[in-house]
Amino acid sequence: MRNLFLFLRKQYFYILFLLLEVLSLVLLFNYNEFQGSALYSLSSGFTGSVNAIFSNITEYFSLRATNKVLVEEMAKVHSRMPEAFYKNDTATFFRKDPLLIMEFKYISAKVISNSTNKRNNFLMINKGRLHGIENHMGVIIGNRIVGQVVSVSTHFSWIMSMLNKDSRISGKFKKNNQLVNVEWNGGSYRTGQIREIPKHIVMVKGDTIITSGNSDIFPEGFLIGTVSGFTIAQDENFNFGNILFSTDFNSLGYVEVIVDLMRMEKEKLKTSFKTQ
Amino acid sequence: MTSRTVFLNFVRFFFLIALQVLILNHINLGGYVNPYFYVYFILLLPFATPKWMLLVASFALGMGIDLFTNTIGLNAAACVIMAFARPFVISRISSGPESLIGDTPSLRNQGMSWFLYYSISLVMIHHFSLFYLEVFRLGEFFSTFVRVLLSSTFTVMLIMVSEYLFFSKEK
């Protein structure tokens with residue numbers, strides 16, 4: 001026993017180092033798995049309000065630009081109104097149904113922290129559970145996509161930007177509806193990568209990539225980017241290419257969170273098929 | 001260690017965290033290079049700091065940054081590795097404990113080559129751990145390595161500039 005204590009005393013620097021290092025790594029990996037952990041909700045209250053105060057100050061420097069964006073956004077929102085509705089074509093069969101049922105609702109929110117210089121980038125916005133935001137909701141700016149909600153506290157939400165190694169957006173070519181996956185492999189925040197493009201698809205620089213609507217996160221038709229270059233792979237079955245993001249991730253002021261009002265119904269449909 | 005030194009280090013601790021999360025984290029050169037200047041705190045801890053204190057203070061520093069950037073454990077892990085390496089780097093580049101002039105490592109007391117070697121090697125250790133832990137994927141080995149090199153250069157430049165600004169006339 002005495003020898004043990006002597007050993008501990010002699011080697012305490014190494015032991016303390018190992019303890020702290022293991023503690024950090026455990027926190028790092030557990031935390032990444034469970035985004036909504038207790039530690040997060042503890043810290044987000046304080047750090048969220050510090051970020052909010054700082055953002056309140058810096059906001060004044062970009063008022064003119066923000067105003068311009070807001071006016072543009074208003075025009076876009078007005079012109080998008082019909083798309084926010086689910087078109088009920090079955091009117092001939094169910095005459096009593098109203099013609100239009102709302103499918104998507106948009107909640108506007110202010111970005112209070114944002115980064116583009118990390119390998120994994122996140123944003124924080126000033127709305128949370130209180131305003132009806134939940135995990136896995138999509139986030140857009142105008143008609144361009146930003147990312148998805150990965151964690152929600154009472155007043156703030158944590159959003160995984162498209163500039164993240166875990167971000168995978170299901171997109172498609174606007175011209176022929178061919179599906180592609182959009183990713184970001186680091187590097188410049190202006191360019192992303194598209195993968196798994198079948199060989200027979202003819203790509204041209206400037207082709208528009210939009211959301212496919214296949215995932216439950218984004219409705220169809222939001223802008224992702226335009227093809228800026230591509231490689232014809234010789235020995236593989238798929239081609240790949242680069243795209244120029246439509247979104248300027250470095251200048252996000254106000255964003256909108258998409259609430260899918262029919263999500264419960266869609267999920268229920270999926271699970272009911274699984275259980276059959 | 002006088003109470004003044006302790007107080008000074010406390011102030012530096014909070015000041016560097018605030019500087020890092022409020023200003024430096026918003027800087028990005030060429031899209032993805034950014035400085036992690038807050039490690040300057042670990043570099044400037046007095047020579048006489050107990051070794052356990054070195055580890056615990058660095059852990060707290062990293063954790064402070066992590067709470068703001070929502071990367072719990074990431075900066076803390078890198079800072080602890082850096083603090084662990086500090087005594088070894090110091091003993092490697094100094095001829096003995098009696099040869100160290102002054103209480104804290106500084107450009108003025110230890111000279112240009114000593115301080116450069118000291119800051120470059122520790123900053124590299126920190127950035128290397130930080131970036132590779134963040135990416136955690138071997139496929140991006142070289143692009144991450146370039147980021148480590150560029151960001152380290154940037155951080156060391158900031159450290160040298162502040163050495164010249166704040167510590168050249170002390171005493």
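**Starting from one residue**

Tutor: Val156(B) is partly exposed, because 19 other C-beta atoms lie within 10 Å of its own; with C-beta atoms placed from the backbone, a residue is buried at 20 or more such neighbours, exposed at 12 or fewer, and partly exposed in between. Please keep in mind that this is a predicted model, in which local features need pLDDT of at least 70 and side-chain atom pairs count only at pLDDT 80 or more, while totals for chains, interfaces and linings use all residues. Residues are numbered from 1 along each chain as its sequence is written, and chains are lettered from A and ligands numbered from 1 in the order in which they are written.

Student: Which helix is the place of Val156(B) in?

Tutor: Val156(B) belongs to helix α7 of chain B, where helices (H or I, at least four residues) and strands (E, at least two) are DSSP runs, numbered from the N terminus.

Student: And what does Val156(B) touch, leaving out residues up to four places away in sequence?

Tutor: Val156(B) touches Ser119(B), Ile120(B) and Val123(B), where two residues are in contact if their C-beta atoms, placed from the backbone, lie within 7 Å. Val156(B) and Ile120(B) are 36 residues apart in sequence, but their C-alpha atoms are 6.4 Å apart in space.

Student: At what angle do α6(B) and α7(B) pack?

Tutor: The angle is about 140 degrees, and the axes of α6(B) and α7(B) are 9 Å apart; axes are lines fitted to C-alpha atoms, for helices over the stretch in contact, and angles run from 0 to 180 degrees between N-to-C directions. That makes α6(B) oblique to α7(B), since angles under 35 degrees count as roughly parallel, over 145 as roughly antiparallel, 65 to 115 as roughly perpendicular and the rest as oblique. The crossing of α6(B) and α7(B) is right-handed, a term used if the near helix is turned clockwise from the far one by less than a right angle, with left-handed for anticlockwise.

Student: What kinds of residues make up the contact of α6(B) with α7(B)?

Tutor: They divide into 10 nonpolar, 6 polar and 1 charged, where Ala, Val, Leu, Ile, Met, Phe, Trp, Tyr, Cys and Pro count as nonpolar, Asp, Glu, Lys and Arg as charged, and the others, Gly among them, as polar.

Student: Staying with α6(B), what span should its 24 residues have?

Tutor: At 1.5 Å a residue they should span 34 Å, and the end C-alpha atoms of α6(B) are 34 Å apart, which agrees; the expected span is 1.5 Å times one less than the number of residues. Among the buried residues of α6(B) are Phe115(B), Leu122(B), His126(B) and Phe131(B), and what covers the buried residues of this helix includes α2 (40-44), α4, α5 (107-110) and α7 (141-166) of chain B. After α6(B) comes Phe136(B), whose phi is positive, near 50 degrees.

Student: How many helices and strands does chain B have?

Tutor: Chain B has 7 helices and 0 strands, and 39% of its 171 residues count as buried. Chain A has 5 helices and 14 strands, and 30% of its 276 residues count as buried.

Student: How many residues does the contact take from chain B and from chain A?

Tutor: The contact takes 26 residues from chain B and 28 residues from chain A. On the side of chain B that touches chain A, the elements that give two or more residues are α3 (51-69), α4 (74-93) and α6 (112-135) of chain B, and this side has 16 nonpolar, 7 polar and 3 charged residues.
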